[in-house]
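Please open the model in your viewer and keep the selection panel at hand.

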Amino acid sequence: MKIQYLGHASLLIETNGKYLVVDPFITGNPLASGKIDADKIPADYILVTHAHQDHILDVERIASNNPGAKLISNFEIVNYFGQRGIAGHPMNHGGSWHFDFGRLTYVNAIHTSSFPDGSYGGQPGGFVLESAGKTVYIAGDTALTEDMKIIPLMAKPDIAILPIGDNFTMGYESAAVAADYLKIDKVIGYHFDTFELIKIEHAKAIETFKKAGKELILPEIGDVFEL
Ligand code: NI
Ligand code: MN
């Protein structure tokens, strides 16, 4: 499995011969410009954690560039994009489904989820992806929550991708506690530095994890991680 960081909370996952794009927000991210071409992103599936603009901005662009790509999200978000002609697979919290790329579970997140036009975007979530013998937890935007303790009881993650930018989500101190809850040692941070309100001090973040006996990876846009 390969995971590429596309900036902010956007990921491109290649596994079992399929491409999964998570929370595409490329054209609105000045940090990604010149590094990621939103029109060259391959997609068999588009996974969306919640309806906020910084997670859905490029859904329609990527769907139209990749005819047949299927949206996977909560019921309300799949319904919203379904009315715009995008095929989807609706899920809800605690539910799993075996797709051709692997098993996916939509899990709890503590956040909000309205669309930019104010319409209801269901309840926000995260994803647990079990594929090619690996398990990845993609938290989405969330606070630290004890709900994370149930994830390793279902499937122990090899790696977790957690928001660390603070203000709108948990910060890196909470993310280090989350790593404990998840029973893992290695975290890829995301949802940081994109906006003024989520800029972090990199050295401090890495040091906080080190003190907790854990490793925090702060990806550069375009970085690829192979599991
Ligand atoms: Ni959000
Ligand atoms: Mn966000």
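Is K18 buried, partly exposed or exposed? With a relative accessibility of 24%, K18 counts as partly exposed, where buried means under 20% relative accessible area, exposed over 50%, and partly exposed in between (1.4 Å probe, protein chains only).

Before the next selection, note that this is a predicted model, in which local features need pLDDT of at least 70, side-chain atom pairs count only at pLDDT 80 or more, and totals for chains, interfaces and linings use all residues. Residues are numbered from 1 along each chain as its sequence is written, chains are lettered from A and ligands numbered from 1 in the order in which they are written, and side-chain values use heavy atoms, with hydrogens and water left out.

**Salt bridges**

Helices (H or I, at least four residues) and strands (E, at least two) are DSSP runs, numbered from the N terminus. D100 has a relative accessibility of 46% and therefore counts as partly exposed.

Select E130 and R103 next. Their side chains meet in a salt bridge at 3.2 Å, N to O. Because E130 lies in strand 9 (residues 125–131) and R103 in strand 8, the pair ties together parts that are 27 residues apart in sequence. E130 is partly exposed at a relative accessible area of 22%, and R103 is partly exposed at 29% relative accessibility.

Then move to K214 and D180, which form a salt bridge with the closest N and O atoms 3.4 Å apart. K214 is in the loop between helix 6 (202–211) and strand 13 (215–217), whereas D180 is in helix 5 (residues 172–182), 34 residues apart. The relative accessible area of K214 is 12%, so this residue is buried; D180, at 48% relative accessibility, counts as partly exposed.

D39, D58 and R61 may be selected together, as they are linked in a network of salt bridges. A search of the whole structure finds ten salt bridges.

**The metal site**

Centre the view on the manganese ion (ligand 2). Which residues are its protein donors? They are D54 (OD), H55 (NE2), D141 (OD) and H191 (NE2), lying 2.1 to 2.2 Å from the ion. Donors are N, O and S atoms within 2.8 Å of the metal (3.2 Å for Na, K and Ca); water is not among the atoms, so sites may look incomplete. The donor residues of the manganese ion follow the sequence spacing D-H-x85-D-x49-H.

The manganese and nickel ions are 3.1 Å apart, and D141 coordinates both. H55 in helix 1 and D141 in the loop between strand 10 (134–138) and helix 4 (151–154) are 86 residues apart. H55 counts as buried at 0% relative accessibility, and D141 counts as buried at 2%.

**Helix 3**

Select residues 75–82, which make up helix 3 and in which I77, V78, Y80 and F81 are buried. Viewed down the helix axis, the buried residues fall within an arc of 160°, so they line one face of helix 3; the arc is that of the directions from the helix axis to the C-beta atoms. These buried residues pack against helix 1 (53–56), helix 2 (59–65), strand 5 (70–74) and strand 6 (88–91), contact meaning heavy atoms within 4.5 Å.

**Aromatic pairs**

A search of the whole structure finds eight aromatic pairs. Rings of Phe, Tyr and Trp (its six-membered ring) pair if their centres lie within 6.5 Å; planes under 30 degrees apart count as stacked, over 60 as edge-to-face and the rest as tilted. Select Y45 and F101: their ring centres are 4.8 Å apart and their planes at 70°, so the pair is edge-to-face. Y45 lies in strand 4 (residues 45–47) and F101 in the loop between strand 7 and strand 8, so the pair ties together parts that are 56 residues apart in sequence.

Note on methods:
Salt bridge = Lys/Arg side-chain N within 4 Å of Asp/Glu carboxyl O.
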